[in-house]
Amino acid sequence: MRDEAAKRVELVFSLFDANGNGAIDSDDFDLMTGRVLEAADASDDGAKAAIRTAFRRYWTTLATELDANGEGVITVDEFRPFVLDPERFGPTIAEFAEALSALGDHDGDSLIERPLFVSLMTAIGFEEANIHALFDAFGPDAEDRITVATWAAGIKDYYAPDMAGIPGDQLVAARAV
């Protein structure tokens, strides 16, 4: 596993551990879903339903693939190799990427404005400076928007173990305070 991918996975695990207990469980996904939906209050019901489904599938896939003893929790050691296995986790990531990026397109123009992007990414738990750096790395247009397709592809790349030097690396970069 590349160092960049490992850092990205460690960050995702820490964010998905929304209740901070050191493991991921279904309650974490409920907390995350609620925060993201709150940030996307202007999005349509179809997009909200899609992100609920994507978060539920994300958890179900993790629990099915990794929770062999049925304890209902996933540790970072269990999480790390699975998430970076495109064969096992790729379809779940693809669904999540499509749902989250569509949630950011509240007006249906296939474009995501920076303020909503920042709100959604903040709801997930990323640092604001890193969120802005990511948005800038996506190459926004003159009206400070990115395409839904650009964000969806960026999410998918984030989970790819062989990817380095991608926009998503901005999310794990240390920022000056």
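This is a predicted model: local features need pLDDT of at least 70, side-chain atom pairs count only at pLDDT 80 or more; totals for chains, interfaces and linings use all residues.

Reply: Residues are numbered from 1 along each chain as its sequence is written, and side-chain values use heavy atoms, with hydrogens and water left out.

Me: At what angle do helix H2 and helix H6 pack?

Reply: Two packed helices are described by the angle between their axes and the distance between the axes. Here helix H2 (residues 26–39) and helix H6 (residues 114–124), both DSSP runs of H or I of at least four residues, pack at about 165° with axes 8 Å apart. H2 is therefore roughly antiparallel to H6, a term for angles over 145 degrees.

Me: Which residues of H2 and H6 meet?

Reply: Met 32, Arg 35, Val 36 and Ala 39 of H2 meet Leu 116, Ser 119, Leu 120, Ala 123 and Ile 124 of H6, contact being heavy atoms within 4.5 Å. These contact residues divide into seven nonpolar, one polar and one charged.

Me: What is the volume of the largest cavity?

Reply: A cavity is a set of points on a 1 Å grid, over the protein atoms alone, where a 1.4 Å probe fits but cannot get out, and its lining residues have an atom within 4 Å of a point. The largest cavity has a volume of about 200 Å³. Of its 17 lining residues, the closest to the centre are Met 121, Phe 126, Ile 155, Tyr 158 and Leu 171. Helix H8 gives the most to this lining, with four residues.

How values were computed. Axes are lines fitted to C-alpha atoms, for helices over the stretch in contact, and angles run from 0 to 180 degrees between N-to-C directions. Helices (H or I, at least four residues) and strands (E, at least two) are DSSP runs, numbered from the N terminus. Angles under 35 degrees count as roughly parallel, over 145 as roughly antiparallel, 65 to 115 as roughly perpendicular and the rest as oblique. Ala, Val, Leu, Ile, Met, Phe, Trp, Tyr, Cys and Pro count as nonpolar, Asp, Glu, Lys and Arg as charged, and the others, Gly among them, as polar. On a 1 Å grid over the protein atoms alone, a cavity is a set of points where a 1.4 Å probe fits but cannot get out, and a pocket is an open set with protein on both sides within 12 Å along at least five of seven lines; lining residues have an atom within 4 Å of a point. Grid points are joined across faces, edges and corners, and a volume is the space filled by probe spheres set on the points.
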